[in-house]
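Walk through this fold one piece at a time. Keep the viewer open and follow each stop along the way.

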Amino acid sequence: MTDAPDAPRTPGTPGAPDVAGPFRLHPGSPDSPVILHVPYSARTVPADVRSGIVLDDRELALELDHITDAHTAEIAHRAAQAAGSTPWRFVNRLSRLVVDPERFPDEREEMLAAGMGAVYTRTTHREDLRPAGFDGGPLLDRYFHPYAEAMTAAVAGRLAAVGRAVVVDVHSYPTKALPYELHGDGPRPPICLGTDARHTPAPVLDAAQRAFAGFGGTGLDSPFAGTYVPLRYYGGTADVSALMVEIRRDLYMDEPGGAAGPGLDALAAALARLVDLVSV
């Protein structure tokens, strides 16, 4: 593909403009079943959302350094260019501090215990992000539900076109656990593969282990577990496969929030190989 990845923006400063749409589906090959889902790479916080965050600008910039899966949109972009069959890419263009599109929007979400459900009220260091009693409903209506509907439509498009969909989440995580992590005391392998018993078939998992074998080891569901599947399809069809790829950030960038390093190209090549392996 020739379109450029979503450009980074000045993080959460008062008066920062909205991007041209909160998310974007980058088309891939008509016969590709793969959707690279990049939910956490952006730092943009629209001005009206910024006004509901209690951090000052310095504190917000540091929080964005910790919470953003920096450069993962670029990894997905380069992987799409290198893959034999171009995958589709669904990219969130707003920070997860606006809404977290991968959380349950209700009491099913375990991260509510850390103040980090679909609308965060606490930071990665368990400090106040939004004021007590904050009503996240308008943010869910404006951002969360349209995102979920668009991602559902993207999966439906792959099912209609090729009879199956493979959702590959592209994430990263810090080398050292942050205080918000509920399961941060487990292993932190170079590549963590998040799985779901109903939606991660053995061939998809095997393909990921092969594709990322050269980075010092892969692990399963630690420190982060599970996959993203639109709720319409969750648990209901074997035609929708899903895998989460969590890349430890010391493999490709300076932490927290720093520049990308030479490891980015190798990771993009590995992701392209995964795309090719699960596309056949």
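Helix H6 buries Gly 263, Leu 264, Leu 267, Ala 268, Ala 270, Leu 271, Ala 272, Leu 274, Val 275, Val 278 and Ser 279. This is a predicted model. What lies over these residues? The cover of the buried residues of H6 includes strands S2, S4, S5 and S7. Helices H3 (72-82) and H5 (202-211) are also part of that cover. In an α-helix there are 3.6 residues a turn, so residues three or four places apart point the same way.

The length of H6 can be checked. H6 has 17 residues, and at 1.5 Å a residue it should span 24 Å. The end C-alpha atoms of H6 are 24 Å apart, so the expectation and the model agree.

Now turn to the sheet. It is open and has 7 strands, in the order S1-S3-S2-S4-S7-S5-S6. The pairing is mixed. Which strands form the edges? Strand S1 (23-26) and strand S6 (218-220) do, each pairing on one side only. On average, neighbouring strands of this sheet are turned by 20 degrees against each other, direction ignored. Helix H6 (residues 263-279) packs on the sheet. H6 touches strand S2 (34-38), S4, strand S5 (191-194) and S7. The direction of H6 makes about 145 degrees with that of S2.

Look next at strand S7 and its partners. Strand S4 (residues 165-173) pairs with strand S7 (residues 240-248) in the parallel sense, over 9 bridges. Val 170 stands opposite Val 245 in S7. His 171 has Glu 246 of S7 as its bridge partner. Strands S5 and S7 run antiparallel and are joined by 4 bridges. Here Cys 192 has Glu 246 in S7 as its bridge partner.

How many residues of S7 are buried? The count is 9 of 9, so S7 is largely enclosed by the rest of the structure. In a regular strand the side chains alternate between the two faces of the sheet. In S7, Val 240, Ala 242, Met 244, Glu 246 and Arg 248 point one way. Ser 241, Leu 243, Val 245 and Ile 247 point the other way. Residues on both sides of S7 are buried.

Move to helix H2 (residues 57-67). Its buried residues are Leu 60, Glu 63, Leu 64, Asp 65, His 66 and Ile 67. Helix H1 (47-50) is part of what covers them. At the start of H2, a side-chain oxygen of Asp 56 comes to within 3.2 Å of the backbone nitrogen of Arg 58.

His 66 deserves a stop of its own. Beyond its neighbours within four places in sequence, His 66 is in contact with Thr 124, His 125, Leu 178, Arg 249 and Pro 256.

Charged pairs come next. The whole structure holds 13 salt bridges. One of them joins the side chains of Arg 78 and Glu 74, at 2.5 Å from N to O. These two residues are 4 places apart in helix H3, so about one helical turn separates them. Arg 78 is partly exposed, because its relative accessibility is 31%. A network of salt bridges links Glu 74, Arg 78 and Asp 265.

Two further pairs are worth a look. Arg 103 and Asp 100 form a salt bridge, with the closest N and O atoms 3.4 Å apart. Both Arg 103 and Asp 100 are buried. Arg 108 and Asp 106 form another salt bridge, with the closest N and O atoms 2.9 Å apart. Here Arg 108 is partly exposed, with a relative accessible area of 49%. Asp 106 counts as partly exposed too, at 23% relative accessibility.

End in helix H3, where Ala 82 is found. Ala 82 has 52% relative accessibility, so it counts as exposed. Ala 82 and Arg 273 are 191 residues apart along the chain, yet their C-alpha atoms are separated by 8.5 Å.

Notes: Residues are numbered from 1 along each chain as its sequence is written. This is a predicted model: local features need pLDDT of at least 70, side-chain atom pairs count only at pLDDT 80 or more; totals for chains, interfaces and linings use all residues. Side-chain values use heavy atoms; hydrogens and water are left out. Buried means under 20% relative accessible area, exposed over 50%, partly exposed in between (1.4 Å probe, protein chains only). Contact means heavy atoms within 4.5 Å. A polar contact is a pair of N or O atoms within 3.5 Å; within protein, one must be able to donate a hydrogen and the other to accept it, and residues adjacent in sequence count only if both atoms are side-chain atoms. Two strands pair if DSSP finds at least two bridges between them. Axes are lines fitted to C-alpha atoms, for helices over the stretch in contact, and angles run from 0 to 180 degrees between N-to-C directions. The expected span of a helix is 1.5 Å times one less than its number of residues. A salt bridge is a side-chain nitrogen of Lys or Arg within 4 Å of a carboxyl oxygen of Asp or Glu.
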